[in-house]
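Look at the structure below with its aromatic rings in mind. How do they pair up and group together?

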Amino acid sequence: MRTFFNNYNQLLLRRPLMTNMISTGFLLGAGDCTAQMFFPANPDQPYDYLRTLRAIIYGGVIFAPIGDKWYKILNTKIVWRGKNERTMSTILRVAVDQLVFAPFIGIPLYYAAMTVLENRKPYLEHIMAKFETSWWITLKSNWLVWPIFQWFNFYLLPVQYRLLAVNLISIGWNTYLSYVMHNKG
């Protein structure tokens, strides 16, 4: 395990974006795989390999570059100057992450991108329908999971490891998102 972490760290230092794209794609695919295996829409549903591939593409090509940049922006632009700098900066970063990124970028991006990748036409109609049925419940669920995790993530981890930490926790979160995305009820 130590060798894997050392190799991963070297890749992260040499090629941070590419490393984050590969790990994010893999972990979003793992979340979709878990959703399909343990929470199928119906018990006779066959495994959908293209669905997992779409999750991998979304994670690696769409979300990872945005997430990579987002954590760097939070680290450099959201900074408290003064007393309790580290603690206050962390609180501000969590607040911006949860009150800006989650509701207006992260959740809408997932539902919109997956709708397009699944070729659900007309796109705008399907995206709006998914927002109407799933956005608020997903955001409330997000607020049950992410603020406390992001507190520790922003407070304890160097910026280069934050997306990986999010991705590891995201296996469960991505299972939930995949379930909500593909739940017909």
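This is a predicted model: local features need pLDDT of at least 70, side-chain atom pairs count only at pLDDT 80 or more; totals for chains, interfaces and linings use all residues.

## Pairs across the structure

A search of the whole structure finds 16 aromatic pairs. Take F39 and Y179. Their ring centres lie 6.4 Å apart and their planes meet at 70°, so the pair is edge-to-face.

Where do F39 and Y179 lie? F39 is in the loop between α2 (16-38) and α3 (49-77). Y179 belongs to helix α6 (residues 159-182). The pair therefore ties together parts that are 140 residues apart in sequence. F39 is partly exposed, with a relative accessible area of 46%. Y179 is partly exposed as well, at 35%.

Now turn to W146 and F149. This aromatic pair is edge-to-face too. The distance is 5.5 Å centre to centre, with 80° between the planes.

Both residues sit in helix α5 (residues 123-156). W146 and F149 are 3 residues apart there, so about one helical turn separates them. Are W146 and F149 buried or exposed? Both are buried. That puts each one under 20% relative accessible area.

## A charge over a ring

Aromatic rings can also face a charged group. What sits over the ring of Y155? The charged end of R86 does, 4.1 Å from the ring centre.

Conventions:
Residues are numbered from 1 along each chain as its sequence is written. Side-chain values use heavy atoms; hydrogens and water are left out. Rings of Phe, Tyr and Trp (its six-membered ring) pair if their centres lie within 6.5 Å; planes under 30 degrees apart count as stacked, over 60 as edge-to-face and the rest as tilted. Helices (H or I, at least four residues) and strands (E, at least two) are DSSP runs, numbered from the N terminus. Buried means under 20% relative accessible area, exposed over 50%, partly exposed in between (1.4 Å probe, protein chains only). A charge sits over a ring if NZ of Lys or CZ of Arg is within 6 Å of the ring centre and within 35 degrees of the ring normal.
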